[in-house]
Amino acid sequence: MGEAIVRARYQTTPRLGRLLRVVPVILLLAACSGSGPQTALEPEGPIARDIDGVWDLVLMLATFVFVLVMGLLVWAMWRYRERPGDETEPKQLHGSSVIEVGGVVFSVVLLAFISVPTVRGLLDIRAVPEGDDVLHIQVTGHQWWWEFEYVDETAADGRTLITANELHIPEDVPVYLTMTSADVIHSFWVPVLNGKRDVVPGRVTNLTLIADNPTPPDEPIPGQCAEFCGLAHADMRIKVHVHDAAGYAAWVDEQLLPSEQPAPETALDAGWQTFNTLCTACHQVTLEDVEGEVTTHGPERYITSDDIEFRSSFGPNLTHLFSRDTFGSGTFTLDADHLAEWIDNPESLKPMWADRNDLANGRVLGMPDLGLSSAQIEEVVDLLETWR
Ligand SMILES: [Cu+2]
């Protein structure tokens with residue numbers, strides 16, 4: 001009986017050995033995958049670098065502890081393993097003050113050591129940036145897109161710069177985001193610039209972004225809503241374009257200009273008539289007509305969180321739609337065909353709840369199917385393409 005058990009136990013060893021040999025191969029292959037675009041381990045700014053520094057330190061110490069503990073465990077298992085035919089009883093021990101006190105002191109010292117950069121980093125990333133160069137942007141999270149109002153950037157007539165989903169910031173400048181939500185809890189996360197921060201209805205939260213270098217125009221920094229917020233949570237993305245000072249100033253100047261309203265009876269006017277009848281129920285657009293009059297069409301809506309007024313539009317401001325590379329909250333490449341597909345059947349591209357829209361009660365949960373003919377869609381897209 002005893003012999004049978006011993007034999008059974010030893011027979012499992014080769015199989016376990018084979019299994020253990022696979023583990024390093026799996027680890028090696030996992031390391032080959034490289035980092036994705038939204039990695040927090042390749043920071044592009046000083047705040048993200050702080051966070052990455054703490055991560056590196058903790059990883060190093062945790063690896064040291066892991067190897068030490070596992071090494072001792074494996075050594076003990078090997079050294080004191082059961083040998084066939086050896087019936088002697090091992091020495092019986094009851095506690096060891098050296099190991100117990102040593103273990104506690106070692107852990108306390110290690111944790112105290114880690115807590116210094118951690119607490120310092122926490123205070124650093126929560127500090128309110130000061131100075132004349134700080135750029136203030138208000139962020140409103142919506143199901144399922146981001147609204148940005150550049151409260152520091154105003155046109156001569158007092159209009160502020162409003163855009164959606166694609167954030168443009170200057171390099172090396174602290175960008176202080178003041179954020180709230182129009183509906184449910186979202187989370188603003190651009191991993192290479194900072195950690196994530198919840199965006200909460202009725203409350204104000206803040207986050208500072210600082211970027212080291214300008215990004216190539218076709219390679220903005222990707223971000224993502226990081227708090228599950230319903231149907232299209234995965235399609236609630238952020239793109240951050242970083243410019244040098246002159247590039248940023250030029251972008252601001254262009255964004256503050258109105259776009260053109262087509263002259264009556266022109267080819268583009270047909271698209272404008274459709275747009276002004278249907279689309280301005282939700283979308284705002286600032287246009288200059290042929291007489292030089294500047295008008296903002298569409299509803300202007302606000303919400304108040306912690307005594308701060310935030311824009312809370314039903315849909316993205318479209319004044320400079322075609323200055324963006326993407327639509328549908330940073331999800332789809334913006335071009336005429338794609339946009340026509342979107343207007344024709346929005347929910348074929350992005351899951352939304354347009355059937356639950358209730359404009360009277362301030363609720364919009366998606367772009368509805370407007371039932372336009374393909375000719376009307378083409379006219380609207382032709383018009384939108386001129387708003388750059
Ligand atoms: Cu969200």
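# Close-up legends

**View A. Leu287 sits opposite Thr295, a residue of strand E13.** The model shown is predicted: local features need pLDDT of at least 70, side-chain atom pairs count only at pLDDT 80 or more, and totals for chains, interfaces and linings use all residues. Residue numbers start from 1 in each chain and follow its sequence as written. Four bridges link strand E12 (residues 285–288) with E13, and the two run antiparallel. Strands (E, at least two residues) and helices (H or I, at least four) are DSSP runs, numbered from the N terminus. Two strands pair if DSSP finds at least two bridges between them. The open sheet here has three strands, ordered E11-E12-E13, with mixed pairing. Strand E11 (259–260) and strand E13 (294–297) are its edge strands, and each pairs on one side only.

**View B. Five strands make an open sheet in the order E3-E2-E1-E5-E8.** The pairing is mixed. From one strand to the next, the twist averages 25°. Angles run from 0 to 180 degrees between N-to-C directions, and axes are lines fitted to C-alpha atoms, for helices over the stretch in contact. Strand E1 (residues 135–142) runs antiparallel to strand E2 (residues 145–154), and six bridges join them. Gln138 stands opposite Glu149 of E2. Helix H4 (residues 245–256) lies across E2 and E3, at about 95° to E3.

**View C. Helix H2 (residues 46–79) packs with helix H3 (residues 97–126).** Their axes are 10 Å apart, at an angle of about 170°. H2 and H3 are therefore roughly antiparallel to each other. (Angles under 35 degrees count as roughly parallel, over 145 as roughly antiparallel, 65 to 115 as roughly perpendicular and the rest as oblique.) On the H2 side, the contact includes Ile47, Ile51, Val54, Leu57 and Leu61. On the H3 side, it includes Leu110, Ile114, Pro117 and Ile125. Two residues are in contact if their C-beta atoms, placed from the backbone, lie within 7 Å. By class, the contact of H2 with H3 has ten nonpolar, three polar and two charged residues. (Ala, Val, Leu, Ile, Met, Phe, Trp, Tyr, Cys and Pro count as nonpolar; Asp, Glu, Lys and Arg as charged; the others, Gly among them, as polar.)

**View D. Helix H5 (residues 267–278) and helix H7 (residues 374–384) cross at roughly 100°.** The axes of H5 and H7 come within 8 Å. H5 and H7 are therefore roughly perpendicular to each other. H5 brings Leu268, Ala270, Gly271, Trp272, Thr274 and Phe275 to the meeting. H7 brings Gln376, Glu379, Val380, Asp382 and Leu383. By class, the contact of H5 with H7 has six nonpolar, three polar and two charged residues.

**View E. Strands E14 and E15 form a hairpin.** Two residues lie between E14 and E15. Asp306, in the turn, has a positive phi of about 45°. Strand E14 (residues 302–305) and strand E15 (residues 308–311) pair antiparallel over four bridges. Ser305 stands opposite Ile308 of E15.

**View F. Pro222 is found in strand E9 (residues 221–225).** Pro222 has 17 C-beta neighbours inside 10 Å, so it counts as partly exposed. (A residue is buried if 20 or more other C-beta atoms lie within 10 Å of its own, exposed if 12 or fewer, and partly exposed in between; C-beta atoms are placed from the backbone.) Which residues does Pro222 contact, leaving aside its neighbours within four places in sequence? They are Pro37, Gln38, Arg237 and Lys239. Asp369 is 147 residues from Pro222 along the chain, and their C-alpha atoms are separated by 29 Å.

**View G. Leu334 lies in the loop between strand E17 (332–333) and helix H6 (336–344).** Leu334 counts as partly exposed, because 18 C-beta neighbours lie inside 10 Å. Leaving aside neighbours within four places in sequence, Leu334 is in contact with Phe322, Arg324, Asp325, Thr326, Phe327 and Leu339. Leu334 and Asp157 are 30 Å apart, C-alpha to C-alpha, and 177 residues apart in sequence.
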